Amino acid sequence: MDKLQAMETFVAVVESGSFVSAVDVTGLSKPAVSRQVSELEQFLGIRLLHRTTRRLSLTDEGRLYFSRCKELLGAIQDVESEVGLNSDQACGRLRIGAPQDFGVEQLAPLWGLFTERHPLITLNITLSDRTIDLVEEGYDMAIRISALGDSRMVARPLASVRLIACASPAFLEKHGTPRYPTELRDYPFISYSYQSNGDEWLFRHVDGDSCSVRVRSTVYVNNGVTCREMAKAGQGIAIQPDFIVNAAIQSGELVELLDGWSTGEKLVVHTLYPTRNHLPPKVQRMRDFLIEQFRVPPWCPRPAA
């Protein structure tokens, strides 16, 4: 048994979802794919996959073995790339995970510039607000704004994020403008479903005062851009990151509320990648590119000329 090829075949079966689909990925026949996975299970003395007529699923041991195979095969690919190209080049597929709104609003305009600079790197981008496991799911790196908490990852800060309470001029004309956080409980809110603190918000004033307020949400949405658009339409107050609402505030479509107050939550955009002694060139290039692009966050207002 060619152990490395068997590992590649096993990974192909898991990622494609079936032995039949793995045929297209590996170029092997279906009996050969099935035989290699079976030989791998016999060699390890464990069952890697639950097989039924309808679907395949990983056993607990298979899930661990799959993640380790992905790491090993990725490391081999990185070594081959490094020794096959000079230090100024990088190539291969770069798989990146990013939050939905940040990916659409801030990252999408940057990918074209990156691929122009690095034509040998193929981007594979997944936008999702769930917290992905880079090692388990085979990602090279991720952009994350929520709390980190994974010691296996290297986290490089890119930019600070400020949460802003805002509403449309028409809404404020109809309902009045709140001046203090405690007044917010009297207004309808458009809330982000995945907000970790729910409807309870902590506010701090520049003078040092603080207070906690429970707001009255009339709508919950799992998408920040939708929250912004509903706020612009006068549906309520929204508390959203500055990278989502700053442009609308600058245009006058939204009005920032509570002068001198800020939410107690401090957020930072990070790029994350698995800890490795020798970072693959493709990950290095993307990391350095993102640091360059967000040195001055594009959503921050520019001073008047």
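Trainee: Which residues are linked in a network of salt bridges?

Mentor: In this predicted model, one link that can be described in detail is the salt bridge between lysine 232 and glutamate 229, whose closest N and O atoms are 3.2 Å apart. Both of these residues belong to helix H8, which covers residues 224-232. The network as a whole links Glu105, Arg228, Glu229, Lys232 and Glu253.

Trainee: How many residues apart are lysine 232 and glutamate 229 within helix H8?

Mentor: An α-helix has 3.6 residues a turn, so residues three or four places apart point the same way. Lysine 232 is partly exposed, with a relative accessible area of 27%, and glutamate 229 is likewise partly exposed, at 34% relative accessibility. Along helix H8 the separation of lysine 232 and glutamate 229 is about one turn, that is, three residues.

Trainee: How many salt bridges does a search of the whole structure find?

Mentor: Besides the pair of lysine 232 and glutamate 229, the salt bridges include arginine 162 with glutamate 256 and glutamate 200 with arginine 214. For the whole structure, the search finds 14.

Trainee: How far apart in sequence are the parts that arginine 162 and glutamate 256 tie together?

Mentor: The closest N and O atoms of arginine 162 and glutamate 256 are 2.8 Å apart, and the two residues form a salt bridge. Arginine 162 sits in the loop between strand S6 (153-161) and strand S7 (163-167), whereas glutamate 256 belongs to strand S13 (residues 255-256), so the parts tied together are separated in sequence by 94 residues.

Trainee: Which strands do glutamate 200 and arginine 214 lie in?

Mentor: The side chains of glutamate 200 and arginine 214 meet in a salt bridge, at 3.4 Å from N to O. This pair ties together parts that are 14 residues apart in sequence, because glutamate 200 lies in strand S9 (residues 200-205) and arginine 214 in strand S10 (residues 210-214).

Trainee: Are H8 and H9 roughly parallel or roughly antiparallel?

Mentor: The axes of H8 and helix H9 (residues 242-251) come within 10 Å and cross at roughly 25°. Angles under 35 degrees count as roughly parallel, so H8 and H9 are roughly parallel.

Trainee: Which residues of H8 and H9 make the contact?

Mentor: H8 passes H9 in a right-handed crossing. On the side of H8 the contact is made by Gly224, Val225, Arg228 and Lys232, and on the side of H9 by Ile244, Val245 and Ala248.

Trainee: Why is H9 largely enclosed by the rest of the structure?

Mentor: The buried residues of H9 are Asp242, Phe243, Ile244, Val245, Asn246, Ala248 and Ile249. They pack against helix H5 (100-117), S6, S7, H8, strand S12 (237-241) and S13. H9 is largely enclosed because the number of its 10 residues that are buried is seven.

Trainee: Which residues does arginine 144 touch, not counting residues up to four places away in sequence?

Mentor: Arginine 144 has its place in strand S5 (residues 141-144). At 7% relative accessibility, arginine 144 counts as buried. Leaving out residues up to four places away in sequence, arginine 144 touches Thr131, Ile132, Leu134, Val268, Val269, His270 and Leu272.

Trainee: Is glutamine 36 buried or exposed?

Mentor: Glutamine 36 is found in helix H3 (residues 30-44), and it touches Gln5, Ala6, Thr9 and Leu28, not counting residues up to four places away in sequence. With a relative accessible area of 9%, glutamine 36 is buried.

Notes. Residues numbered from 1 in each chain as written. Predicted model: local features only at pLDDT ≥ 70, side-chain atom pairs only at ≥ 80, totals over all residues. Heavy atoms only, no water. Salt bridge = Lys/Arg side-chain N within 4 Å of Asp/Glu carboxyl O. Helix = DSSP H or I, 4+ residues; strand = E, 2+ residues; numbered from the N terminus. Buried < 20%, exposed > 50% of the residue type's maximum accessible area, 1.4 Å probe, protein only. Axes fitted to C-alpha atoms, helices over the stretch in contact; angles between N-to-C directions. Parallel < 35°, antiparallel > 145°, perpendicular 65-115°, else oblique. Left-handed = near helix turned anticlockwise from the far one by under 90°. Contact = heavy atoms within 4.5 Å.
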